[in-house]
Amino acid sequence: MTDIQKAAEVNLADEGHIECPYKTYAELHQSNGVGVDPNIGTIVAGYDTLAALARNTSVYSSAITEDDRGPRHMGINSEPVQDDVEEILSNAHPIVNALFTADPPEHTRHRKLISKALSPRSVRALQPQIRQITTELIDAFIDRGAVDLIPEFAVPLPVTVIADILGVDRTDIWTFKHWGDLMISGNIDLLSHERRREVAHAVVELHDYFVPRIEERRRQPTDDLLSIMVNTEVDGEPPLTTAELLPIIDQILLAGHETTTNLIGNAMLVLLKDDALMNRLRSSPDDIPAMVEEVLRWDPPIQCTYRRATQDERIEGIDLKAGDMVIPMWAGANWDPKVFPNPERFDIDRPTTKPHMGFGFGPHFCAGAELARLEAKIAFEELLKRLDDIRLNSVDSDLSHLPSFASHGYKQVSLTFTKSWPHQN
Ligand code: HEM
């Protein structure tokens with residue numbers, strides 16, 4: 001076990017922490033930027049310590065399971081998976097640790113192959129399609145003068161984009177959303193027995209959905225991302241196997257939506273509280289990307305992920321044992337005052353010497369960062385162009401947070417607005 005005497009004790013599952021994690025990070029930064037949650041592991045929030053940790057993949061492994069069965073989404077709980085849950089999982093296709101849950105050299109190979117599919121060039125080519133999806137979503141609610149932002153806009157935008165680029169049917173997006181929510185929570189949260197059963201069913205259903213589609217793309221490639229992922233060969237590397245592809249597809253599906261949904265929701269809340277900024281972005285849409293970057297620093301949708309120590313190690317005076325869980329607290333590093341002075345201040349003109357860690361850092365840096373940035377940019381360009389006088393409907397909104405210390409977003413953001421001229425007709 002980790003020596004809990006030498007670090008601040010933190011309870012990540014505490015409701016107060018989930019509502020305002022930044023208070024916890026400020027406390028950690030008053031000492032060495034490291035804390036311990038006795039139920040989970042050691043939390044690293046100091047920017048430089050975290051940067052070194054993220055680069056050191058041989059000591060801080062991303063492989064969540066300690067065997068070769070690959071990611072099972074069974075939560076970060078330490079208790080063994082229950083027999084009835086194992087039985088459900090026995091119907092899943094065999095998979096291996098891949099990309100997000102792989103270490104070099106496998107990770108390097110996966111990254112090379114997937115980078116081709118999500119390259120800045122491929123993402124830029126999606127711009128017209130993303131704008132069209134955004135426009136259609138706004139068309140659907142604009143005449144009402146009101147919108148429930150998360151389900152009517154912030155969820156369907158990224159999920160539709162992901163469905164389109166994976167080349168799967170748009171009518172399946174709500175099924176993806178359902179699987180995605182369960183599996184994300186299985187990657188990063190503590191799960192109850194019942195929740196584990198639900199996640200196990202989602203894993204089996206996702207495999208049943210994608211295995212035939214992977215086989216079809218092998219036989220008959222098209223120009224969608226799935227075909228690129230299935231058939232790409234780089235530097236003489238063999239294409240990805242189905243056991244590698246399934247977890248990578250599920251990562252793209254999962255990482256590709258809830259994160260971007262919460263980025264849009266978190267950014268909207270910032271603007272609702274700052275009229276001057278909202279007005280500035282309306283008159284200077286070129287500043288929208290800077291606003292998006294500052295949201296990714298100040299209130300990022302992914303607060304943390306995880307690593308596992310592969311050997312006994314000492315980090316900022318804390319003793320770790322091989323197998324201990326270590327939590328890279330990306331959002332905590334974003335509030336390190338040594339790197340971001342007055343971190344509590346939201347400032348899109350903040351001079352930066354080092355990048356924020358809202359997309360992580362090092363070899364596992366978010367593979368979809370360019371896509372997420374583009375979606376958020378287009379979302380706010382279109383929202384601010386077409387909606388005027390945007391206000392929070394505080395009666396219908398629920399500004400408490402989703403029950404996760406890792407994924408950070410509001411439950412319900414209801415808005416009223418007027419149609420902006422010249423878009424009134
Ligand atoms: C605002 C939106 C997003 C945020 C905040 C976000 C955040 C992150 C973070 C923090 C990591 C690092 C994980 C680690 O090192 O443990 C990561 C990795 C990853 N993200 Fe994202 N992400 C977002 C959007 C996306 C999108 C749109 C996609 C795909 C289309 C995506 C795909 C991935 C993948 C595949 C990885 C694993 C990369 C690797 O292990 O090499 N993400 N993301």
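The model is predicted: local features need pLDDT of at least 70, side-chain atom pairs count only at pLDDT 80 or more, and totals for chains, interfaces and linings use all residues. Residues are numbered from 1 along each chain as its sequence is written.

Let's start at the ligand. Around it stand 24 residues, of which Thr305, Gly360, His364, Cys366 and Gly368 come nearest (a residue is near if its C-beta atom, placed from the backbone, lies within 6 Å). Helices H13, H14 and H18 each give two or more residues to this shell.

H14 also packs against H16, at an angle of about 105 degrees and with the axes 10 Å apart (axes are lines fitted to C-alpha atoms over the stretch in contact, and angles run from 0 to 180 degrees between N-to-C directions). The two helices are therefore roughly perpendicular, a label for angles of 65 to 115 degrees.

Next comes an open sheet of three strands, ordered E5-E13-E10 with antiparallel pairing (strands pair if DSSP finds at least two bridges between them). E5 and E10 are the edge strands, each pairing on one side only. The twist averages 25 degrees from one strand to the next. Four bridges join E10 to E13, and leucine 387 stands opposite lysine 419 in E13.

| Element | Residues |
|---|---|
| Helix H13 | 242-255 |
| Helix H14 | 258-272 |
| Helix H16 | 288-298 |
| Helix H18 | 369-386 |
| Strand E5 | 146-148 |
| Strand E10 | 387-392 |
| Strand E13 | 414-419 |

Technical notes: Angles under 35 degrees count as roughly parallel, over 145 as roughly antiparallel, 65 to 115 as roughly perpendicular and the rest as oblique.
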